[in-house]
Every structure is written in structure tokens, then in C-alpha cells.
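Dear colleague,

Please find the structure below, handed over for your records. My findings follow it.

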Amino acid sequence: MRPLWLLLPLCLLFLLLLSDYLIFDSANDLPPPVSRTVLLGFDLEEPDTDEDVAALLDLLEAHSASATFFVVGKVAEERPELMRSILAAGHELACHSYSHPQLTGLSEAGQREELTRCAEALQGLGIEHPGFRAPYTRTDRHLVSLLAGLGYAYDASYIEEWTHAPRAGVPGIKVSASFLPLTDYYWLYLLRSPGPFYAALRGYPASRLLSVDLHPRYVMRYPSHLGAYLAWCEEAGCAFLSHQELMKG
Ligand SMILES: [Zn+2]
């Protein structure tokens, strides 16, 4: 008699095939799209591979979509060719700290070093006043003051709405005001139920942006989902913008 443990991989394979079938099947029955501005942001860190980023660039090009890549400064220094390929494809490069610590837990000197070194890495690529998104989206009043003083263009740690009167009360830099809904967690898990996911997006207040905050290494595990999302937005005539483009109006 065949050992029972041999059945386990077969059961897992069956479940995997079934789940892919269900995803595909339910994706044929999405609620109609709604026209919005779509703000695309990708955090680019050490585990993200050149291959994932290249595939993501191809996907964005296929949908004529502009995006912002918030890159860790150390990665920008170590992989300049990858950075140049992102810029050559017409996307924005912005800063995601130098080594991805939780910045709010650092001393002022530590914060300053992280922000200065990341800005320098991007300046080496010709970007004078980069935008910024904090690791883990953790910022505070002091960090925003530092960003303004160091010549950063904006803080997109919370990227639902932009405001000229930032919560931190710091003039000279734009700060986004409230938390965005569409992060890796939702992308990887809720997209397995596309119907409810898209229905929720449709129900989101009409004045709001549709913004995403994703990582290439996760989103490119399921590239067809991102393609479907972009196609859904495209069908409604949505504008895909980088953060820089949005701020320029
Ligand atoms: Zn990050």
C-alpha cells in the first residue's frame, strides 16, 4: 500500500490548481471600474531582484503607467544599472532611507545620516530633491523637519491625500495625510477574492485616489493580478501617476 504521506503533496497540488481556477473564474465577473487617479508606489529593497523589477517595468509599460520606486539608498548605490533602467522607463526614483531601519527609533544623528546618505545616493543618479517614504511608514514631526531641511520634496509615508498644511506643521515640504488601504497584505490575500476586493475599491469615496504601496518581490509573484488591476483602472480611463507628477498637478 502506498504510504499516506505521498498523498499530501498531491492534495496540495490539487488545492493550488483549484485556487488558481477560482481566481481566474471570479476575475471574469468584476464590478465595473470607476475613473480615479491611480497613484502607484513600489518600495525597492534588498530582497527585490533585478528580474522582478524588470518584469514589473514591462508590465507598467504595457499599461502606459507611471510609478514611483522608493528605493533604499544602499540598493541604489549597489545596483546603479537597475536604477538607470527605472529612470529610463520614465518612472520616478525616491528615497526609502539608506538601510531601512525604523527611523523613529533612531537618534537625531542616526536619522540625519539615513536621510543624508539616501539623498546622496539619489543625487548620484541626478535626482536633486527626491521624495521620501519611511520604512514601515513610520514618521514623526522631527523626521519631517529633517526632510524639509535636507531638501526633500515630499514625505509620502501616508499616501492617501496630499496637504499643504502638513500634520507635522512643517512648512516647505508636502506631507501626505492619511493611511492608504492597498498594501502587500491586501494585494496578496484579498486579491484571491477579486469580486469583493474590486467592489470595495468601487465603494471608496469618489474624491479619493486609488493608491498602492507594494513590493516587487511580492506583487510579481502574481503578475496577472497587477495586470488585471491596471487593466481594470485603464478601462475606466484612470490616470496612472507617479508621486512627483501628482504633486506637480
Ligand atoms: Zn520598506
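Is Val71 buried or exposed? Val71 counts as buried because it has 30 C-beta neighbours inside 10 Å; the cut-offs are 20 or more other C-beta atoms within 10 Å for buried, 12 or fewer for exposed and partly exposed in between, with C-beta atoms placed from the backbone.

Please note that this is a predicted model, in which local features need pLDDT of at least 70 and side-chain atom pairs count only at pLDDT 80 or more, while totals for chains, interfaces and linings use all residues. Residues are numbered from 1 along each chain as its sequence is written.

Val71 lies in strand β2 (residues 68–71); strands (E, at least two residues) and helices (H or I, at least four) are DSSP runs numbered from the N terminus. Beyond its neighbours within four places in sequence, Val71 is in contact (C-beta atoms, placed from the backbone, within 7 Å) with Leu44, Ala76, Met83, Leu93 and His96.

Leaving aside neighbours within four places in sequence, Leu122 is in contact with Ala76, Leu93, Cys95, Ile127 and Pro130.

Across the chain, buried residues make up 39% of the 249 residues.

Terms used:
Contact = placed C-beta atoms within 7 Å.
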